[in-house]
Amino acid sequence: MEQGEYNRIVKAIGKKQLFAQGDEAYAYGALLAGCRFFAGYPITPATETAELMSKLLPLIGGTFIQMEDEIASMGAIIGASVTGVKSMTVTSGPGFSLMQEHIGYACMTETPCVVVDVQRSGPSTGQPTEPSQGDIMQARWGSHGDYEIIALAPNSVQESLELTIECFNLSEKYRNPVLLMTDGEVGHMREGITIPDFAGYNIFDREKPQKDLKDYTPFLPEQGKVPQIADFGCGYHTYITGLTHKPDGLPATDDAEIHTQLVTRICQKITDDADKIIKVEELFLEDAETVVISYGITSRAAINAVKILREQGEKIGHLRLITIWPFPEKIVCKIGESAKKILVPEMNLGQIYHSVKEAVGYNAEVIKFPKIGGTLHTPQDIIEVLKEKIFNV
Amino acid sequence: MRTEISISGFGGQGVILAGLLLGKAAINDDKYAVQTQSYGPESRGGAARSEVVISDQKIDYPKVIEADIVVALSQPAFDKYCRDVKENSTIIIDSDLVKALENKVYSVPFTKIADTLGKKVVANSVMLGYLQASTEVVTVESMETTIRENVPEHTIELNLEAFYQGIEFWKKGKKNGTG
Amino acid sequence: MFNKADRIKENLRSEMYPSIFCLGCGIGNVLNYTLRAIDECHLDFDKLVFLSGIGCSSRLPGYINADGLHTTHGRALTFATGVKLAKPELSVIIFTGDGDCAGIGGNHFIHAARRNVDMTVIEINNFNYGMTGGQTSPTTPIGGLTTTSPYGSLEQPFDLAELAKGAGASFVARWIPSYAYETIACIKKAILKKGFAFVEILVPCPTSYGKKNKIDDGKEGWDWLKEITILKSTFNKLSDKEKEQNKKMIIGELQNIERKEFSQSIGNI
């Protein structure tokens, strides 16, 4: 990005110090990351992001379109992405469910794009204005077939901005859809934020093919596992299909080996780099006998609770998952080896709890602490459960 | 220092805007602030609540646990939100819209004052003036700037007038000892 | 003509042949006519994008040596909207079928027409879902036998040309492959038209619909299309009473209006 373009974005936003909602921060982050196409459909509590994008994108030469539904929104952003334009959509639970087929399509065709899910209470229409963390497993397994997904979870408005930029960078780097799994609480709460300086953050753009046109094989990476697929309109005549395809892009549905190679590669390009992708925040883990593992809005209460209990002398620590998928297996497994008990508070009936349990095995006891209905866990809730189920047992 | 503020009333009274302005003013004062809200589906009527947490350190838990300052601009809001308060919480109510039996309640005719200025709808600005003066949770300068920058241009003067009236009411009350 | 054929062959992906199309199906003809029309428009193949959904018709982009996006069932127009609005200098042509376009894709079809984004939709109507074995589609004629209407279809079919008109499409036309030159000229016009251009081409489906409804493959299939259609020029000469009683599908150029194209409107913000 040129300084001029950055300046235009800051001018469009208005100020560098703002008191803003999460929903706004996703938009600011997207623009700063180079997003120039947005397609979406109104849905509580994500509509504010679409409205802001509709206002800001035209000011910096980007395109906004409200599509007829969420399926169409995903289609449009994938279409924009294959021409080389960074694109994004935003939705909540019911829309996220509709988007699953196209998320799978984007994985299979290795098309970068960012999907923000501002989670609300479900299932079905549920409580439209209440937050939840109920789509965490759907983020990983929502579409059919085998694929990998990258999903990040912010716990503050500033982090919402920063992680949105990170989503775009990861999406471009790995040529895969990346999800920002946020929630209605972070989406609608306001906090002081700072728009980063021009030199204060990084932008990653997808790699272009280096090979000559005659040697161009779109789905055969020049090195590593991420292919260099040319943008449409540059003379490479790339065929992209959701069908199982050979490295040249053409369909090959009756070949088990080709399918295995393709699907394995598109999964491994992410799992091989899991250590590079995964981000967590550790607090007081060195001597912790009890560990609370949480993410998103819940972590605000959990961290507060852990700090209070530490002051009271409890050997307790906290692990905040910033990357939800790929799941930080190794880190959680290590915690299981040193801690005796692990508490997993979530605004759902227990979702990432299962991944924690799987990573920990029999090494420690994993206890879930679900809370649904839209009210957040308070620090006191978490302290009480810890005392009841762990300390005083 | 962590101050928890809850402002509640009917939808349409500007309760959420008031919380937003308070949060912005706190940021202007170089403090940390988080503002959240809840409301029903109705555009008018129903219940609306804004929570603001102001601190000089990074804020972990973003919601009100036990409010230090509670403002209630409607009876249902008072009944709902003025129970879980600390012993020495400051409770501020609109004297015409809320009946409170508690002693330590600051009862102020926000809506009446706004009416005398010509627009009942700026009652929340009167309230912010009174809130600022009585608790000093934000500075006058910050609140002024915030109001100026965040209300429709043609209403800036009216809102600022309402804000000053709120401050005046507190000052008069202090002088009289009725506080 | 010989040189033209050679030139057009260069635009095909030879490694994809032989094609999957059945003998007597009209989809291959549509590919032929489209490539000839593009040739007459002198379009740059580097700035051409073909999109499609799922079905026999949707396999066409795979045979063309150009940027191609083979998308999901019914949703090609949504991807096309993204492609065109993100890079307006690209020309966008979509191949779709009756089921893909009007069944699962119905909603996206009417919105794309309503928006009038500049794209050319070539919908190949074989009156059933052919690829999956011949089930009823939204264009199956009343009484038509399919694997999901063994007693004859009960549903009133769409007239997709009328639907496109009603949704606001700038250019609407319908042809059958036996009118080769007219179809080529029509596709050329559709491509050059600034706005949402919809061309329906009726084709036989010898393996599924044709077989079930005793329409033999080969010439009979093409004759059948002539029987169920009437040229617009002929239709216009009918008496009012005859027009009212007409049950044949009208072929020809059916709508050509001037409407502001969508990306022009966006550009003006």
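**Chain contacts, a shared sheet and a nonpolar core**

In this predicted model, strand β9 of chain A and strand β2 of chain B (residues 32–39) run antiparallel and are joined by two bridges.

The next contact to consider is the one between chains A and C. Of the two pairs of chains in contact, it is chains A and C that share the most contacts. Here 34 residues of chain A meet 31 residues of chain C. The elements of chain C that give two or more residues to its side are β2 (67–70), α3 (76–86) and α5 (106–115). Among these, α3(C) supplies the largest share, eight residues. The side of chain C that touches chain A holds 13 nonpolar, twelve polar and six charged residues. Chains B and C, in turn, do not touch, and their nearest C-alpha atoms lie 24 Å apart.

Strand pairing also links chains A and C. Three bridges join β10(A) to β2(C), and these strands run parallel. For a reader tracing this pairing by eye, A:Y239 is a handy place to begin, with C:G68 in β2(C) as its bridge partner. The two strands belong to an open sheet of nine strands with mixed pairing, in the order β10(A)-β2(C)-β1(C)-β3(C)-β4(C)-β8(C)-β7(C)-β10(C)-β9(C). The edges of this sheet are β10 (239–241) of chain A and β9 (229–231) of chain C, each of which pairs on one side only. On average, with direction ignored, neighbouring strands of the sheet are turned by 20° against each other. Further along the order, β7 (residues 171–175) and β10 (residues 249–256) of chain C run antiparallel and are joined by four bridges. Within this part of the sheet, C:A173 stands opposite C:E253 in β10(C).

Two of the helices that chain C brings to its contact with chain A, α3(C) and α5(C), also pack on each other. Two packed helices are described by the angle between their axes and the distance between the axes. For α3(C) and α5(C), the angle is about 35° and the axes are 8 Å apart. The residues that meet are C:L77, C:T78 and C:T81 in α3(C) and C:H108, C:F109 and C:A112 in α5(C). This contact divides into three nonpolar, three polar and no charged residues.

Attention now turns to chain A itself, which is divided into domain 1 (3–200) and domain 2 (280–391). Taken over C-alpha atoms, the centres of domain 1 and domain 2 of chain A are separated by 27 Å. The contact between these domains takes 23 residues from domain 1 and 22 residues from domain 2. On the domain 1 side, two or more residues come from each of β6 (127–131), α6 (136–141), β7 (150–152), β8 (177–183) and α8 (184–188) of chain A. Of these elements, α6(A) gives the most, with four residues. The class make-up of the domain 1 side is eleven nonpolar, seven polar and five charged residues.

In soluble globular proteins, nonpolar side chains tend to be buried together. In this model, the largest nonpolar core has 247 residues, and those with the most contacts inside it are A:I324, A:I342, A:V356, B:A72, C:I94, C:I122 and C:F198. Helix α1 (residues 15–28) of chain B provides the largest share of this core, nine residues. The core also draws at least three residues from each of domain 1 and domain 2 of chain A.

Definitions and conventions: Residues numbered from 1 in each chain as written. Chains lettered and ligands numbered in written order. Predicted model: local features only at pLDDT ≥ 70, side-chain atom pairs only at ≥ 80, totals over all residues. Pairing = 2+ DSSP bridges. Core = buried A, V, L, I, M, F, W, Y, C linked by C-beta atoms within 7 Å. Buried ≥ 20, exposed ≤ 12 C-beta atoms within 10 Å, placed from the backbone. Domains from an automatic or database assignment. Axes fitted to C-alpha atoms, helices over the stretch in contact; angles between N-to-C directions. Contact = placed C-beta atoms within 7 Å. Nonpolar A, V, L, I, M, F, W, Y, C, P; charged D, E, K, R; others polar.
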